[in-house]
Amino acid sequence: MPKSRGGRDTVPIHPICHATLHANLSNRALADIGWNVERLRCQPDIATFLRWIAGKPPDFHAPTRRARP
């Protein structure tokens, strides 16, 4: 459950990954997916991002744009 809905669990996540999740999925969608990493990886925009970011260094950062409706 997101912190905005009273959740308390947190997971360390790279800032660009965090921004990408919120740019592509609503808090509700993230709550529905929960801790299921495979379901996250199957989301088309997230899968594309993961393929792109895979070759970047750990300290890589770039601006994240919201997905187009």
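The structure is a predicted model, in which local features need pLDDT of at least 70, side-chain atom pairs count only at pLDDT 80 or more, and totals for chains, interfaces and linings use all residues. Residues are numbered from 1 along each chain as its sequence is written, and side-chain values use heavy atoms, with hydrogens and water left out.

**Helices**
- The chain has four helices and zero strands, where helices (H or I, at least four residues) and strands (E, at least two) are DSSP runs numbered from the N terminus.
- Along the sequence the pattern reads α-α-α-α.

**Helices α1 and α4**
- The axes of α1 (residues 15–24) and α4 (residues 44–53) come within 10 Å and cross at roughly 155 degrees; axes are lines fitted to C-alpha atoms over the stretch in contact, with angles from 0 to 180 degrees between N-to-C directions.
- The two helices are therefore roughly antiparallel, a term for angles over 145 degrees.
- On the α1 side, the contact (heavy atoms within 4.5 Å) is made by Ile16, Cys17, Thr20, Leu21 and Asn24.
- On the α4 side, Asp45, Ile46, Phe49, Trp52 and Ile53 take part.

**Whole chain**
- Of the 69 residues, 22% count as buried, meaning under 20% relative accessible area with a 1.4 Å probe and protein chains only.
- Among contacts with a separation of 6 or more, 52% come from residues 24 or more positions apart.
- The accessible surface of the chain is about 5,500 Å², and 55% of this belongs to carbon and sulfur atoms; such areas come from the Shrake-Rupley method with a 1.4 Å probe.

Conventions:
Angles under 35 degrees count as roughly parallel, over 145 as roughly antiparallel, 65 to 115 as roughly perpendicular and the rest as oblique. Buried means under 20% relative accessible area, exposed over 50%, partly exposed in between (1.4 Å probe, protein chains only).
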